[in-house]
Amino acid sequence: MAGIYIHIPFCKQKCSYCDFHFSTTFSAYRSKMIDALVREIETRIGYLKNQTIETLYFGGGTPSLLTIEELKTLVDAVDKNYKLAPQIEFTLEANPDDITDAQLLTWKAIGVNRLSIGLQSFLQEDLDWMNRAHTAEESTNAVKMAKSHGFSLTVDLIYGLPNRTISDWESNIDQLVALGPDHISAYCLTIEKRTALYQLVQKGELPEVGEDDQSDQFEILVKKLNASGYQQYEISNFAKEENYSKHNSNYWKGVDYIGIGPSAHSFDRESRRWNVASNPVYIKGVLSNNSYFEEEILTPKDRFNELLLTGLRTKWGVDLEDLSFKHCPTKYFNEQLTAFINDDLIFKSEGKIFLTEKGKLQADHIAAMLFID
């Protein structure tokens with residue numbers, strides 16, 4: 001089984017914290033972008049070696065900006081060129097302001113069965129400085145409408161926001177739990193240098209939230225969601241009744257996937273490939289059969305480190321047998337692993353290693369310390 005990710009690099013406006021690749025001025029070349037995406041879909045059929053496609057994911061950017069005709073063109077190209085599983089998970093990322101009853105009906109008609117809705121916060125003040133296109137009221141209405149149409153739902157929240165109290169964060173969680181989505185993704189706010197948020201913090205217009213406050217909010221998140229029946233199956237992801245994201249779960253488990261579109265990444269366990277993060281260069285390269293990507297062959301060290309980085313984040317942990325290849329692991333790894341076990345950051349069970357609750361607060365640091373340099 002494998003997955004396909006299609007990056008739609010269009011947005012209505014630029015969120016202050018976002019450093020993903022997208023454009024807010026795209027009307028002049030919109031149709032050419034669709035043509036280029038279709039061409040890449042058609043020419044990449046050998047990458048996954050005829051594996052069955054289990055997940056199809058439209059991300060971005062803002063895929064919900066596409067017309068039904070544009071979406072159908074892309075879906076038809078995938079259907080024509082790849083072998084799809086009968087019960088494929090088909091996810092579309094959508095902003096609340098794009099969700100209407102009419103849109104939901106058209107998305108369902110072309111096979112979308114899962115929506116990823118970026119709410120981020122129920123507080124209008126947060127949405128304002130984030131420069132989000134939707135309102136707090138639209139957030140609630142969007143989730144209710146999508147549920148009424150029978151979509152499987154995942155909803156995003158951001159914690160570690162400036163000028164917010166613990167009470168504010170608890171209220172955000174409670175409001176989302178009351179709406180009852182199948183899946184919740186919660187991410188800590190990061191301040192990237194190429195964003196408007198970075199400038200706001202540099203100018204002193206917004207404060208930077210400390211790591212201790214972020215950790216406190218994360219612990220509250222885990223406790224409240226667990227009490228509400230959500231299982232933390234990955235550090236930032238929670239689901240009721242095992243309604244996990246198959247697409248993201250496969251990524252963490254090292255399953256092959258192909259990325260279509262500018263800045264999209266592909267992985268086949270032997271190599272990693274990434275497309276250029278430029279809409280004009282991508283379009284020109286794809287449509288003229290010129291190079292539009294870079295590629296690296298993964299060494300045993302790379303694979304070892306990737307298995308650690310992704311696997312440790314999940315409830316499935318890392319099988320130590322999977323790490324035992326071509327002189328891996330090293331003596332240093334074994335010594336560091338023992339130290340983390342003694343410090344109650346990692347525990348070992350049935351030949352696998354897992355992060356403890358305390359370890360989850362330091363996931364990236366722990367993985368980096370176990371990497372082969």
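Buried means under 20% relative accessible area, exposed means over 50%, and partly exposed is in between, with a 1.4 Å probe and protein chains only. By that rule, F10 and F26 are both buried. Keep those two in mind.

A word on the model. It is predicted, so local features need pLDDT of at least 70 and side-chain atom pairs count only at pLDDT 80 or more, while totals for chains, interfaces and linings use all residues. Residues are numbered from 1 along each chain as its sequence is written, and side-chain values use heavy atoms, with hydrogens and water left out.

Now the rings. Phe, Tyr and Trp rings, with the six-membered ring taken for Trp, pair if their centres lie within 6.5 Å; planes under 30 degrees apart are stacked, over 60 edge-to-face, and the rest tilted. The whole structure holds 16 aromatic pairs. F10 and F26 make a stacked one, 4.2 Å centre to centre with 15° between the planes. Both residues sit in the loop between β1 (2-8) and α1, so the pair ties together parts 16 residues apart in sequence. Helices here are DSSP runs of H or I with at least four residues, strands are runs of E with at least two, and both are numbered from the N terminus.

Next pair: Y233 and W316. This one is edge-to-face, at 6.0 Å centre to centre and 65° between the planes. Y233 lies in strand β7 (residues 231-234) and W316 in the loop between α11 and β13, so parts 83 residues apart in sequence are tied together. Buried or exposed, what is Y233? Y233 is buried, with a relative accessible area of 0%. W316 is partly exposed, at 24%. Ring pairs also link Y233, Y244, W252 and W316 into a cluster.

On to the core. A nonpolar core is a set of buried Ala, Val, Leu, Ile, Met, Phe, Trp, Tyr and Cys residues joined through side-chain atoms within 4.5 Å. The largest has 88 residues, and I4, F58, W107 and L115 have the most contacts inside it. Helix α1 (residues 30-43) brings the largest share of this core, 6 residues. Apart from it lies another core of 13 residues, including Y17, F22, L161 and V201. Back to I4. Contact means heavy atoms within 4.5 Å. Leaving out residues up to four places away in sequence, I4 touches L48, I53, T55, L56, Y57, V78, Y82, H247, I258 and I260.

Now some backbone. Most residues other than glycine have a negative phi, and most peptide bonds are trans. Where are the exceptions here? The peptide bond from G60 to G61 is cis, with omega near 20°. G61 lies in the loop between β2 (53-60) and α2 (68-81). N131 is not a glycine, yet has a positive phi of about 60°. N131 sits in the loop between α4 (124-130) and α5 (136-148), and is partly exposed at 33% relative accessible area. E241, also not a glycine, has a positive phi of about 50°. E241 is in the loop between β8 (237-239) and α9 (246-252). At 77% relative accessibility, E241 is exposed.
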